[in-house]
Amino acid sequence: MTEEPYRWLEAIGNRREYISEQMKGATPVFAVSRPEGILLFGVGIGHSKVFEIYDRHGFAALGHPVDIEKLRQAAIEAAHVEGFNRSAKDVTLRRLISFALSTTLKNSFEQIFSPPLIVESIFAELGESPAHDVLVRVRYDGNHHYETSGVVVAASDRKREDEAAAWLRANLKTDDSVTRVAGLCLVVWQALADGKNLAELLPPDVLPTSVAGKTVEAALLDRKLPGAVQYRLLELK
Amino acid sequence: MNGDFLALLPKPAVPQFGANAPTTQPLHATTVFAFHCAAGVIIAGDHRATAGNIVFSDKTEKILELDSHSLMAIAGSPATAFEMGRTLQTSFEFYRRSQLQSMSLPAKIRALSQLLRNNLAGTIQGFGVVAPIFAGVEPNDPSAKPQIYFYDPLGAQFEATNYAGSGSGSGSIKSVLSFLERWGQPKPAEMSLEQAVVLANRLLMTAAEFDTATGGVHPEVREFATIKLVSPPGIRSISTAEQEQFWKEASK
C-alpha cells in the first residue's frame, strides 16, 4: 500500500474519516485564562477529562479514554523527567509539545498499519499573570497552535469549536468569578450537546452547576496556591 | 505504566561511589530529630553543615518536604541526602499524578528504605552515609495518626513510638527527650504546639553545647530552628515569627 504515494494519501484520508467518525458524540473541553488562574473544564460519564500534568500544567481532552490516558502518561513522564533532570521552571509547554507530544501524535497518526490516537486536547501552563499563561490546542495529528485570547475549546467539530470559543469570549466579563466562568462553560457545553445555534444563545440568569447523569469536572491552576503544586479541583456547587 | 518514576531514569538517581572514591573530607550535616506532641509530630533541625572541623554553612535546611503529607530530615552526607530527597519528591508527585491517587504512607516509608539500600557502596565507604528520619501521615484520612520512622544507613526502617534523632548532636537530644517522656510535666507527647516548638529550640541549643557540628539556633538574634508540624491536614512550617512569639511567651 505504501509503495504508491496515492495509496498512502488515501490511507491517511481514511484515517481522518475514521477519527472523525470515532469522535462523534465526544463532548467538548475548555480552558480559560483568568486573573485567579487557568480554569480547565469538562463533562464526562465515568472517565475523567481534566487532569494535572505538573506543578503549573494541566490537560483537558476528549476522545477515546485509552488514548487520552496514553497522551496524559506521555506528558506526565516527559514533564517529570525534565523537572528532575533540570528544574520545575524548565518544564514548559513549548518544549513538552514540540519535542515530546506533537511528534508522538504525528507518528501515531501517520503510521497507517497501527491504530491512531483518537484524542483532541488542550494543554495549559500557568504564568505569573494571564498575559503569561500559555494555552495550546493540540490536535490528534500533532498539529497544534498557541492561543493568545485566553479561551480555548476542544471539540469534535472545528466549526462548532470556534463558535463556542467566540461565544465565551463575547460573554465573559473581566470581573466574573471562576465559578461563573465554569457555569458559562457548562451553558455552552450544553448548547453544543443539544445542537443549538450559539448565535441565539444568551447566558441564563441562574447558571447551571450540574448535568443529569454526568460528572462535571472543573480544575483551577491557581495563581495564589502556596507551594509548588498549583493545580486544585473546583467544587461548583 | 506502574507509576515508578525511577524506572524512567537512565542511571541510578543517587550517585554511586566506586573503588576510587575521592578522599577529601566529606561534608556532614547534623542534628535532626522528631517527636510526638499533642498537635501531631514535630520535626526539627539545626542549620549547621560541617566538613571536619570547618563550619561549612550555618544556613543549611535539613528538613525536606517530600510532598504535602510527608517529609524527611537529613543527617549525613548532604550530597547524597539532598539527591535522595529530590528523587523522593519527584517520585511521590509522579505517582500521584500518573496513578490519580496518592502513594500510601507505607510505600513512601519503603521508598526511602530502597534508596538507602541502593546507596550501599557509598555507605560502606563511609563517604555517602545518610541516616535520615521520615515523618508522615496517610493522606485523605482525617483520623490518621502521624508517624515517625528512623533508618539505619543500610535501609532498615524502625518506627519511633515517641521520638527519633539522627546526627552527631542527637545523643544529647534523645537523652533529654527520654528523661521528659518518663518524668516530664507535661511529657512531650502531651505538649501543645507552642510548648513543643520552644522545646525543639531548647533541645538544639542544648545539643550545640556538646557538639560543634550542631549550630545556627540563636533566639536572641531571631535565628530559630527549622521546625515543621505533621498532622492529618498535612505539613505546616512553623515560621520564624511564630517561633519568636512562642519563645517570648515561654520566657516571660
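A:Asp133 is buried, with a relative accessible area of 11%. Here, buried means under 20% relative accessible area, exposed means over 50%, and partly exposed lies in between (1.4 Å probe, protein chains only). The model is predicted: local features need pLDDT of at least 70, side-chain atom pairs count only at pLDDT 80 or more, and totals for chains, interfaces and linings use all residues. Residues are numbered from 1 along each chain as its sequence is written, chains are lettered from A and ligands numbered from 1 in the order in which they are written, and side-chain values use heavy atoms, without hydrogens and water.

A:Asp133 sits in the loop between β5 (119–125) and β6 (134–138) of chain A. Helices (H or I, at least four residues) and strands (E, at least two) are DSSP runs, numbered from the N terminus. The side chain of A:Asp133 reaches the backbone nitrogen of A:Gly127 at 2.7 Å.

Strand β5(A) is largely enclosed by the rest of the structure, because seven of its seven residues are buried. In a regular strand the side chains alternate between the two faces of the sheet. From β5(A), A:Val119, A:Ser121, A:Phe123 and A:Glu125 point one way. A:Glu120, A:Ile122 and A:Ala124 point the other way. Strands pair if DSSP finds at least two bridges between them. Seven bridges join β4 (residues 57–63) of chain A to β5(A), in the antiparallel sense. Five bridges join β5(A) to β6(A), also antiparallel. A:Ser121 takes part on both sides: A:Ala61 stands opposite A:Ser121, and A:Ser121 stands opposite A:Val138 in β6(A).

Strand β8 (residues 133–136) of chain B points B:Ile133 and B:Ala135 one way. B:Phe134 and B:Gly136 point the other way, and all four of these residues are buried. Strand β7 (residues 70–73) of chain B runs antiparallel to β8(B), with four bridges. B:Gly136 is the bridge partner of B:Ser70. Four bridges also join β8(B) to β9 (residues 147–151) of chain B, again antiparallel. There, B:Tyr149 is the bridge partner of B:Phe134.

The loop between β8 and β9 of chain B holds B:Asn140. B:Asn140 is exposed, with a relative accessible area of 71%.

On a 1 Å grid over the protein atoms alone, a pocket is an open set of points with protein on both sides within 12 Å along at least five of seven lines, and lining residues have an atom within 4 Å of a point. The lining has 50 residues, of which A:Glu52, A:Val229, A:Tyr231, B:Glu93 and B:Arg96 lie nearest the centre. Elements that give two or more residues include β3 (50–54) and α2 (65–85) of chain A, and α1 (78–99) of chain B. α1(B) gives the most, with six residues.

The structure holds zero disulfides over all chains, where a disulfide is a pair of cysteine sulfur atoms within 2.5 Å. A:Cys185 is buried, with a relative accessible area of 0%. B:Cys37 is buried too, at 7%.

How values were computed. On a 1 Å grid over the protein atoms alone, a cavity is a set of points where a 1.4 Å probe fits but cannot get out, and a pocket is an open set with protein on both sides within 12 Å along at least five of seven lines; lining residues have an atom within 4 Å of a point. A polar contact is a pair of N or O atoms within 3.5 Å; within protein, one must be able to donate a hydrogen and the other to accept it, and residues adjacent in sequence count only if both atoms are side-chain atoms.
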